[in-house]
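Please go through the notes below with the model open beside you. They are numbered so that each can be checked on its own.

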Amino acid sequence: MAVIGHEMFELAMLRIIFAHGAPIERWEAETSPNNPGNSHWQAWDYADDLVDRMRRREE
């Protein structure tokens with residue numbers, strides 16, 4: 001669930017960012033795991049939240 005959520009969130013963000021085109025450097029900046037706060041990091045925050053919500057439901 002976390003990986004699927006991460007990828008879907010990241011793709012949605014990238015679709016918005018690149019709707020009107022952008023240079024490859026922007027793509028690299030948004031998908032790099034070494035760039036805090038980018039779409040990739042936000043996607044992991046989203047995935048972590050999904051897992052937390054699933055765990056709370058099981059309690």
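Predicted model: local features only at pLDDT ≥ 70, side-chain atom pairs only at ≥ 80, totals over all residues.

1. A residue is called buried when its relative accessible area is under 20%, exposed when it is over 50%, and partly exposed in between (1.4 Å probe, protein chains only). By this rule phenylalanine 18 is buried, because its relative accessible area is 19%.

2. Residues are numbered from 1 along each chain as its sequence is written, and side-chain values use heavy atoms, with hydrogens and water left out.

3. The chain contains 3 helices and 0 strands, and its pattern along the sequence is α-α-α. Helices (H or I, at least four residues) and strands (E, at least two) are DSSP runs, numbered from the N terminus.

4. What radius of gyration does the chain have? The value is 13 Å, whereas a compact globule of 59 residues would be near 10 Å. The radius is taken over C-alpha atoms, and the globule rule is 2.2 Å times the number of residues to the power 0.38. The C-alpha trace spans about 45 × 20 × 15 Å along its principal axes.

5. Contact means heavy atoms within 4.5 Å. Of the contacts in the chain with a separation of 6 or more, 48% are between residues 24 or more positions apart.

6. Serine 39 lies in helix H3 and is buried because its relative accessibility is 1%. Leaving out residues up to four places away in sequence, serine 39 touches Phe9, Glu10, Met13, Leu14, Ile17 and Glu30. With neighbours within four places in sequence set aside, histidine 40 is in contact with His6, Glu10, Glu30, Thr31, Ser32 and Pro33.

7. How many aromatic pairs does a search of the whole structure find? There are 2. In one, phenylalanine 9 and tyrosine 46 are stacked, at 5.0 Å centre to centre with 20° between the planes. This pair links distant parts of the chain, with phenylalanine 9 in helix H1 (residues 2-17) and tyrosine 46 in helix H3, 37 residues apart. In the other, the rings of phenylalanine 18 and tryptophan 27 have centres 5.5 Å apart and planes at 50°, so this pair is tilted. Rings of Phe, Tyr and Trp (its six-membered ring) pair if their centres lie within 6.5 Å; planes under 30 degrees apart count as stacked, over 60 as edge-to-face and the rest as tilted.

8. Tyrosine 46 is partly exposed at 33%, and tryptophan 27 is partly exposed at 40%. Phenylalanine 18, at 19%, is buried.

9. Glycine 5 sits in helix H1 and is buried, because its relative accessibility is 7%. Glycine 5 touches Tyr46 and Leu50, not counting residues up to four places away in sequence. From glycine 5 to valine 51 the C-alpha to C-alpha distance is 9.5 Å, although they are 46 residues apart in sequence.
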